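I opened the model to record its charged pairs, its nonpolar packing and the surroundings of its ligand. The entries below follow the order in which I looked things up.

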Amino acid sequence: MTRLSIGAEPYRFNSDPARTALIIIDMQRDFVEPGGFGASLGNDVTPLRRAIAPIAATLAAARAAGLLVIHTREGHRPDLSDLPIAKKTRGHPVCGIGDAGPMGRILVRGEPGHAIIDSLAPIDGEPVIDKPGKGAFYATDLDTILRQRNIASLILCGVTTEVCVHTTLREANDRGFECLVLSDGTASYFPQFHEAALAMVTAQGGIFGWVSDSAALVAALQGDG
Ligand code: TIU
């Protein structure tokens, strides 16, 4: 495949597959399973699970097509030295970041809850970016890794649409990357925020980039898009 061309909003998304990366954001147990960080914030995790199957299909097709695949994880050092007090105390959670929960210490690296879910687990050669914030560029080496590989275009999926996906999208857009967001490969605890976040991407002629879905992307990756 010499060119990736995907039906998308607000118009077709074209990229060079050798210069395109799939970025899977924070598909961790802490967000999509009960008893983790997402639940500690008062959320029902069920809506997030809708993104798992579309991401799995996308991941398989991306691997088969030889795209660079990058995974991110939100979390903190066990000593919490990279945890801003504002993030620790926001919302006054009963069980907050660093506290013991059913999947280990909430949002702490190395704990069971911090892990990417088994069905989307990284394989050898796929960089995993550990990030302390919502954006995947802030305080990480993601930008360096992308530039080393001469990546120009990003396909973004993961959770949650309006928080970590959008923050990363905005960081990437300002760095000059062309970004495509998957509507069914992203999800929010709040369906209305999911819809609004996607609409924000494509408004104003694609102010932040493009939106498509996993079926269109998989078809394009398989050469019949
Ligand atoms: N709370 C929420 O919607 N999201 C986060 O805290 N992190 C991510 O989106 N990964």
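This is a predicted model: local features need pLDDT of at least 70, side-chain atom pairs count only at pLDDT 80 or more; totals for chains, interfaces and linings use all residues.

Residues are numbered from 1 along each chain as its sequence is written, and side-chain values use heavy atoms, with hydrogens and water left out.

**Entry 1: E126**

I looked up what E126 touches. Not counting residues up to four places away in sequence, I found L59, R63, V69 and H71. I located E126 in the loop between β6 and β7; helices (H or I, at least four residues) and strands (E, at least two) are DSSP runs, numbered from the N terminus. I sorted accessibility as buried (under 20% relative accessible area), exposed (over 50%) or partly exposed in between, with a 1.4 Å probe and protein chains only. E126 counts as buried because its relative accessibility is 11%. Its side chain makes a polar contact with the side chain of R63, at 2.7 Å. A polar contact is a pair of N or O atoms within 3.5 Å; within protein, one must be able to donate a hydrogen and the other to accept it, and residues adjacent in sequence count only if both atoms are side-chain atoms.

**Entry 2: Salt bridges**

I took a salt bridge to be a side-chain nitrogen of Lys or Arg within 4 Å of a carboxyl oxygen of Asp or Glu. By this rule I recorded nine salt bridges.

I noted E74 with K134, where the closest N and O atoms are 2.7 Å apart. This pair links distant parts of the chain, 60 residues apart: E74 is in strand β4 (residues 68–74), and K134 is in the loop between β7 (128–131) and α5 (142–148). E74 is buried, at 0% relative accessibility, whereas K134 is partly exposed, at 30%. I also found E74, K87 and K134 linked in a network of salt bridges.

I next noted R109 with D82, the closest N and O atoms being 3.6 Å apart. R109 lies in the loop between β6 (104–105) and β7 and D82 in the loop between β4 and α4 (85–89), so this bridge ties together parts that are 27 residues apart in sequence. R109 is partly exposed, at 24% relative accessibility.

I then noted K88 with D99, at 3.4 Å between the closest N and O atoms. K88 is in helix α4 and D99 in the loop between α4 and β5 (100–101), eleven residues apart. K88 is partly exposed at 25%, and D99 is partly exposed at 28%.

**Entry 3: Nonpolar cores**

I used nonpolar core for a set of buried Ala, Val, Leu, Ile, Met, Phe, Trp, Tyr and Cys residues joined through side-chain atoms within 4.5 Å. Which residues have the most contacts inside the largest core? I listed L22, I24, M27, F31, I155 and L180, in a core of 39 residues. Helix α3 (52–65) is among the elements that give two or more residues to this core, and α3 gives the most, with five residues.

**Entry 4: Ligand surroundings**

The side chain of E74 has an N or O atom 2.9 Å from a nitrogen atom of the ligand. A backbone N or O atom of V159 lies 3.1 Å from a ligand nitrogen atom, and a backbone N or O atom of T160 lies 2.9 Å from a ligand oxygen atom.

**Entry 5: Backbone geometry**

I found a cis peptide bond between V159 and T160, with omega about -10°; T160 is in the loop between β8 and α6. Another cis peptide bond joins E9 and P10, with omega about 0°.

I also noted that phi of H92 is near 50°, a positive value in a residue other than glycine. H92 lies in the loop between α4 and β5 and is exposed, with a relative accessible area of 72%.

How values were computed
Contact means heavy atoms within 4.5 Å.
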